[in-house]
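The sequence and structure come first.

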Amino acid sequence: MGFRRLAAGLVATALALLGASTATGAGAPTAHAADQKVLRVAVTTTVASLNPFLASHAADTEFGRLMYEFLTADDQKDQHPIGGLADKWDVAKDNLTWTFHVRDGMTWSDRQPITSRDIAYTYNLMLTNPTAGTANGNFVKNFDTVTAPDEHTVVIKTKRPQATMLALDVPIVPEHVWSKVTDIGKYTNLQFPVVGSGPFVLTDYKQDQYATLKANPTFFRGRPAIDELQFIHYDNPDAAVQGLLKGDVDLVSRLTPAQFNALQGKPNIALNKAQGHRLNDLLINPGAQTNTHERIGDGNPALADVTLRQAIAQAIDAKTLVDKVYGGYAEVGSGYIPPVFSQYHWSPPADQERGFDLAAANRTLDAAGYPKGTDGIRVDKTGKPLTLRLLGDSGTATDQPSSQYVKSWLGQIGIGVDVQMVSSDKFSDAGVAGRYDLAFGSWGANPDPDAVLAVQTCANLPDAAGNGNSENFLCDPDYERLYAEQSAELDTAKRAEIVKQMQARLYELDTSVITAYPNQLEAYRSDHVTGFGLQPDPGGVITQQNGYWGYYYAKPAAAAEQSAGAGLGLLIGIAVAVVLVAGAALLVVRRRRVNADERE
Amino acid sequence: MSTPSPTAIAWQRRRAAVGRVWQEFLSDRGGLFGLAALSLIVALAVFAPLLSDASGLDPTHATGRPLEAPSGHFLLGTDNLGRSVLLQVWWGARISLLVGVLATLVSVGIGTLVGVAAAHFGGWTSAVLMRFTDFFLVLPSLVLAIALSTVLNRGIFAIVLAVGVTSWPSTARLVRAQTLAVESRPYIERAWALGAGHVHVIIRHVLPAVAALVFANTTLTVANSIIAESTLSFLGLGDPNAASWGEMLNAALGSGAVTYGAWWYLLPPGLAIALVVLAFMLAGRALETVLNPRLRER
């Protein structure tokens with residue numbers, strides 16, 4: 001009986017498998033007609049929101065860039081501002097009034113015309129509705145008025161001169177769709193196909209499973225070379241790499257050094273080591289506060305002392321971290337702006353550079369009144385042992401190994417470290433609430449430095465409800481003054497000077513120690529896909545760009561033109577089903593025979 | 001003079017019983033192997049600070065290259081930070097065993113308390129305690145442990161608590177059954193008749209009678225606790241300050257060791273877990289067979 005049930009189960013499984021493979025053929029993302037050119041991308045990050053007004057995580061904004069064109073764009077080769085929806089612009093003598101000319105003949109993916117009114121609508125919505133300003137409010141908060149005098153003209157008047165006018169990272173949405181949305185904060189933006197203006201149109205999405213985007217035939221730069229772009233979610237990076245090796249996906253990003261090394265020399269796998277645009281740092285909580293300067297969180301009060309923070313910074317050897325934890329696939333951290341943006345990058349001149357020096361750090365702490373106790377741990381000025389919690393994100397590959405080094409170094413200057421690795425959700429909650437002493441941080445910078453500089457300003461401190469976008473609760477008058485100066489400075493060279501002064505100030509304050517600018521390590525199937533538009537080119541990234549060039553220029557590799565992989569899923573499904581049915585039949589037959597034998 | 005005191009007689013009897021148990025245990029080869037393996041592992045773990053240099057665990061003092069294959073210098077190769085895998089597995093035993101044993105103490109402690117109380121007091125106390133036990137019994141313990149270790153502050157003790165609090169119900173059920181059996185015996189009735197109170201009956205009569213079974217159960221629970229600790233640590237819920245075997249596996253997976261093909265980083269902690277659990281299981285099963293009258297008769 002048991003065996004017969006097993007056999008029936010096997011048949012049912014086989015049928016279900018067969019059913020499943022035909023079902024996927026009908027609707028969901030794995031099977032296609034043979035002539036479809038599909039690019040499959042493995043992702044391990046979680047998307048928090050696809051509503052462009054709320055989306056601020058790296059994974060979310062990448063979708064925003066694919067789905068919506070911005071007013072201006074960042075050039076693929078060198079990231080200078082180029083035309084987006086606007087093809088021409090000029091600024092009045094007072095540096096306050098900007099006039100943008102909107103390109104002719106563009107349409108949304110539902111064939112409605114794109115006009116200046118859509119642009120004015122988007123910016124005005126962000127000005128009038130605070131929720132709509134959640135993700136990108138910093139770009140428009142200095143706007144006085146935005147008007148559309150005619151179909152092809154947008155006029156933006158700013159209160160003070162604004163340096164970021166050609167780097168407004170704001171997805172422009174269609175007024176005829178969004179004017180019907182009643183509650184921006186609750187709108188998921190998942191009405192497929194999602195009407196957009198970018199190179200791809202979102203047609204299907206399941207949280208933590210997959211996202212499917214189809215080429216937008218009405219895209220004003222021309223239709224992308226591929227027909228479909230799929231993001232397939234993997235729970236861990238090793239699974240994603242195995243998917244790449246088996247050919248389940250065509251592109252994987254954010255590889256670990258061990259994975260990147262392991263993939264070298266594998267057939268049909270091409271590697272891309274790109275200079276990244278992120279900075280990774282160690283945050284030293286100087287005393288978390290809200291925008292009304294109320295203390296929040298439970299950071300160790302001793303860290304308010306800048307001398308202590310400087311000693312900690314001196315005990316961190318960024319070079320070793322880059323060599324060991326990043327396997328050499330990073331640049332050694334110095335100033336706040338990553339070196340890929342060479343114009344704004346600053347590194348301390350020789351006379352200001354502290355360098356890694358445990359002995360000097362020990363001397364500093366001895367002199368500053370942190371005597372060592374009998375157990376080798378220093379005590380703070382209230383007599384309590386100086387033991388700091390170090391918070392890491394268990395979802396970030398570098399945090400755990402880095403924590404081992406930091407613990408060891410700080411131990412050598414008499415500071416105890418209690419490492420706490422927590423899930424990404426809990427990590428960001430603790431970050432916003434200031435519940436940490438030390439924590440690993442990471443920011444992605446844009447070609448225009450304003451956004452990443454803004455996260456160190458008082459204005460970005462969280463409000464009482466915890467809404468804010470502050471890196472480490474910094475609120476420093478000198479930095480504020482410089483920030484205001486740079487955002488009003490339209491001369492790029494002069495602005496770069498101010499931005500460098502700001503980084504020098506951050507280096508003095510040491511609320512964060514920049515450890516590394518990690519390389520972005522990517523791998524793709526060279527037998528399936530080619531032609532990715534790197535940004536910047538050469539040496540740039542495929543994924544996580546300030547643009548969509550990577551996916552936009554991707555095309556099937558010559559060998560894969562007559563895609564063999566398309567019907568393969570179905571074939572395998574049928575083969576598996578046949579084998580299972582045969583096996584089940586065999587079992588039934590054998591079982592009958594055994595029964596007969598036993599009866600005799 | 002010639003008649004020994006009652007206490008002396010009791011002790012004599014107990015010594016004889018232990019001797020009998022030991023003799024029977026010796027006849028179980030699997031159990032003996034388990035015990036030998038455990039003694040060796042525990043001795044190695046306890047004396048690790050004397051036999052090896054802990055500074056090799058500090059990445060700033062690591063001498064190897066990342067993910068070096070096994071060689072004469074590093075018998076089990078190196079991890080992603082160039083530290084000896086062998087040394088880490090060795091020192092990991094301390095944490096894994098410590099957490100396993102502590103979690104078991106919590107679990108067996110709660111289980112014994114609830115089991116004895118439920119059987120001894122009976123009535124609605126029993127009803128309430130047993131429904132409470134049933135409630136914990138039907139909850140998927142891994143999910144509960146994950147939830148608990150997420151809510152509690154990170155650290156070894158969070159894991160101990162999470163594992164201990166989720167694994168006691170089966171002990172409670174076992175102890176309750178044994179207590180019921182013991183309490184129905186005439187000598188307990190006699191004790192009642194002589195005016196014994198609850199405390200006297202429980203401490204002098206019930207606990208000694210169930211202790212043997214609890215001990216056998218403890219040995220088996222340690223194995224489960226070690227698995228549970230490794231699972232939680234592997235899932236990234238462990239204490240990164242304490243490098244247990246589960247933590248090692250977690251670090252190995254996070255660093256891409258699978259893709260790299262660094263089997264020497266993945267296999268040793270996994271095999272170590274398997275070996276210790278097997279040893280505890282063999283010893284525990286043998287002990288249970290000896291001590292549990294129902295199993296012995298078969």
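How many residues does the contact take from chain A and from chain B?

## Chain contact

The model is a predicted one. In it, chain A puts 25 residues into the contact and chain B puts in 22 residues. On the side of chain A that touches chain B, the elements giving two or more residues are α6 (237–246), α7 (257–263), α11 (399–412) and β16 (416–422) of chain A. The most comes from α11(A), with seven residues.

By class, this side of chain A holds eleven nonpolar, eleven polar and three charged residues.

## An open sheet in chain A

Four strands of chain A form an open, antiparallel sheet, ordered β4-β5-β7-β6. Its edge strands, β4 (86–91) and β6 (143–150) of chain A, each pair on one side only. Between neighbouring strands the turn is 20 degrees on average, direction ignored.

Five bridges join β6(A) to β7 (residues 153–158) of chain A in the antiparallel sense. A:Thr145 has A:Lys157 in β7(A) as its bridge partner. Helix α3 (residues 116–128) of chain A packs on the sheet and touches β5 (97–102), β6 and β7 of chain A. The direction of α3 makes about 160 degrees with that of β6(A).

## Nonpolar core

The largest nonpolar core has 213 residues, and those touching the most other members are A:Leu39, A:Leu251, A:Val252, A:Ile316 and A:Leu438. Helix α4 (residues 85–121) of chain B supplies the largest share of this core, 17 residues.

Leaving aside residues up to four places away in sequence, A:Leu251 touches A:Leu39, A:Val41, A:Ala42, A:Glu522, A:Tyr524, A:Val529 and A:Ile542.

Technical notes
Residues numbered from 1 in each chain as written. Chains lettered and ligands numbered in written order. Predicted model: local features only at pLDDT ≥ 70, side-chain atom pairs only at ≥ 80, totals over all residues. Core = buried A, V, L, I, M, F, W, Y, C linked by C-beta atoms within 7 Å. Buried ≥ 20, exposed ≤ 12 C-beta atoms within 10 Å, placed from the backbone. Contact = placed C-beta atoms within 7 Å. Pairing = 2+ DSSP bridges. Axes fitted to C-alpha atoms, helices over the stretch in contact; angles between N-to-C directions. Nonpolar A, V, L, I, M, F, W, Y, C, P; charged D, E, K, R; others polar.
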